[in-house]
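Please load the model below in your viewer and keep a selection panel open. The tour goes from one selection to the next and says what is there.

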Amino acid sequence: MALPFWHIAHFDDFFDHYTINGHVLGTGVRGKIRTCYDTTGGTFNVYAMKIVPHTPAALKALMLQQSIPPHPNICLLLRVYFNTMTPQLAALAPNITTRHAIIILTPMARHGDLFSRLEKGICTTYVFDRLMSALAHMHRHGVVHGDIKPENIVCFTDGKYPHIAIIDCEFCHRPEDTTWTPAGTPNFASPEIYFPCARVDNRVTTAADIWSAGIVLYNMTFLRSPIDNSLGEIRRSHFNICVPKGAPPRVAATLRAMLRVDPQTRITAEDARLMMRA
Ligand SMILES: Nc1ncnc2c1ncn2[C@@H]1O[C@H](COP(=O)(O)OP(=O)(O)O)[C@@H](O)[C@H]1O
Ligand SMILES: [Mg+2]
C-alpha cells in the first residue's frame with residue numbers, strides 16, 4: 001500500500017509541470033542530479049531530480065524503498081513520474097536507452113554529499129551515529145541498501161554536526177532475494193559481494209551494509225580508504241584491513257567488529273551504534 005508521502009504519476013511531458021534551472025547537485029553514473037522547481041502547483045518548491053531508466057529492477061527497488069517507513073536520516077521519495085523519453089529528457093540523461101524514464105524527486109540537500117565534506121571537519125561519532133540509526137531502521141524493515149558510501153550520504157545542514165540522509169536506494173533488495181544481482185561500489189563492497197562462497201544460502205544480507213559503513217567510518221576517521229584501488233588489490237585488501245595505531249579505542253573496536261570478513265560474525269547496525277557510544 002502506498003504511503004501518503006509518495007506521489008506517483010505518469011506525465012507526457014514533465015517539463016509542463018517542472019522547470020530545471022541548470023544547477024547541478026552532483027554527478028551520478030547515469031547523468032547529473034539537478035535542482036528543479038514545481039511550477040504547476042504555484043509553490044515553486046525545489047527538489048533534487050534524478051532520471052533513471054524504466055526497468056523492472058528500478059521499479060522493484062523503488063517499491064521496496066517506498067515500503068520503509070520514514071526516518072529522519074533516510075531521504076524521502078517525494079514524487080515519482082513515469083515519462084516517455086522525450087528529446088528534452090534525453091538531452092539531460094544521454095545514457096538512458098529505454099523508451100520510458102523514471103523521474104525521481106527527493107528533498108534537495110544544500111550542503112553536498114559526505115564525500116565533499118570529509119576534509120571540512122565533521123564530528124565522526126555524530127555522523128556515524130545517525131548513519132547507524134538509519135541503517136538499523138532499514139534493516140529492521142528487511143531492506144539492504146546495497147551501496148553505502150560517502151557519495152550516497154547527503155548533508156542538509158552545514159558545520160560539524162550536519163543533518164545527514166542516505167540517498168540512492170537503487171541497489172536496495174531483500175536479503176532473501178537471491179535473484180538480486182550483487183552490485184555496489186568496488187572500494188565499499190563487502191567480501192561476500194566478490195566471493196559468493198562467503199554467503200549463506202547465496203544471500204547478500206544486511207551485513208553487507210555494515211561492511212560498507214565500516215569503510216565509511218574508516219574514511220571519516222583516517223581520511224583515506226583501507227582498500228587499494230585496483231580490482232585484484234581490492235579483493236586481496238579485504239583480508240588485510242588493519243586499524244592504524246593511535247585510533248581511539250572505541251573507533252578501533254567498532255571498526256574491527258564491522259570489518260569481519262565472515263558476514264555471519266559481523267556486528268549489527270544497532271550494536272555498532274551502541275559500541276561507538278559506550
Ligand atoms: N537529494 C539530493 N540533494 C543533494 N545532492 C544530491 C541529492 N541526490 C543526489 N545528489 C548528488 O548527486 C550525486 C549522485 O546522485 P545519486 O542518486 O547517488 O546517483 P547515482 O545512482 O548515479 O550514484 C550524489 O553523490 C550527490 O552528490
Ligand atoms: Mg550514488
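How many residues of domain 1 are in contact with how many residues of domain 2? Select both sides: 13 residues of domain 1 are in contact with 18 residues of domain 2, where contact means that two C-beta atoms, placed from the backbone, lie within 7 Å. On the side of domain 1 that touches domain 2, the largest share, four residues, comes from α1. By class, this side of domain 1 has eight nonpolar, five polar and no charged residues. Here Ala, Val, Leu, Ile, Met, Phe, Trp, Tyr, Cys and Pro count as nonpolar, Asp, Glu, Lys and Arg as charged, and the others, Gly among them, as polar.

This is a predicted model, in which local features need pLDDT of at least 70, side-chain atom pairs count only at pLDDT 80 or more, and totals for chains, interfaces and linings use all residues. Residues are numbered from 1 along each chain as its sequence is written, while chains are lettered from A and ligands numbered from 1 in the order in which they are written.

**Whole chain**

Now select the whole protein chain, which is divided into domain 1 (7-107) and domain 2 (114-277); these bounds come from an automatic or database domain assignment. The C-alpha centres of domain 1 and domain 2 lie 26 Å apart. Colour by secondary structure to find nine helices and eight strands; helices (H or I, at least four residues) and strands (E, at least two) are DSSP runs, numbered from the N terminus.

Along the principal axes, the C-alpha atoms fill a box of roughly 55 × 40 × 35 Å. The radius of gyration of the protein chain is 19 Å, which agrees with the value near 19 Å for a compact globule of 278 residues; the radius is taken over C-alpha atoms, and the globule rule is 2.2 Å times the number of residues to the power 0.38. Among contacts with a separation of 6 or more, 67% join residues 24 or more positions apart.

**Helix α1**

Select residues 56-66, helix α1, where A61, L62 and Q65 are buried. These three cover an arc of only 100° around the axis, so they sit on the same side of α1; the arc is that of the directions from the helix axis to the C-beta atoms. A residue is buried if 20 or more other C-beta atoms lie within 10 Å of its own, exposed if 12 or fewer, and partly exposed in between, with C-beta atoms placed from the backbone. The buried residues of α1 pack against β5 (79-84). Turn to the face away from the buried side to see the exposed residues P56 and M63.

**Ligand 1**

Next, select ligand 1 and the 20 residues around it, of which G26, G28, A48, A109 and D168 come nearest; a residue is near if its C-beta atom, placed from the backbone, lies within 6 Å. Domain 1 and domain 2 each give at least three residues to this shell. β2 (18-28), β4 (46-53) and β6 (100-107) each supply at least two, and β2 has the largest share, three residues. The shell divides into ten nonpolar, four polar and six charged residues.

**Two loop residues**

Most residues other than glycine have a negative phi. Select N202, in the loop between α5 (191-194) and α6 (207-222), where phi is positive, near 60°. With 12 C-beta neighbours inside 10 Å, N202 counts as exposed. Finish at L223, in the loop between α6 and α7 (231-237). L223 has a positive phi of about 55° and, with 9 C-beta neighbours inside 10 Å, counts as exposed.
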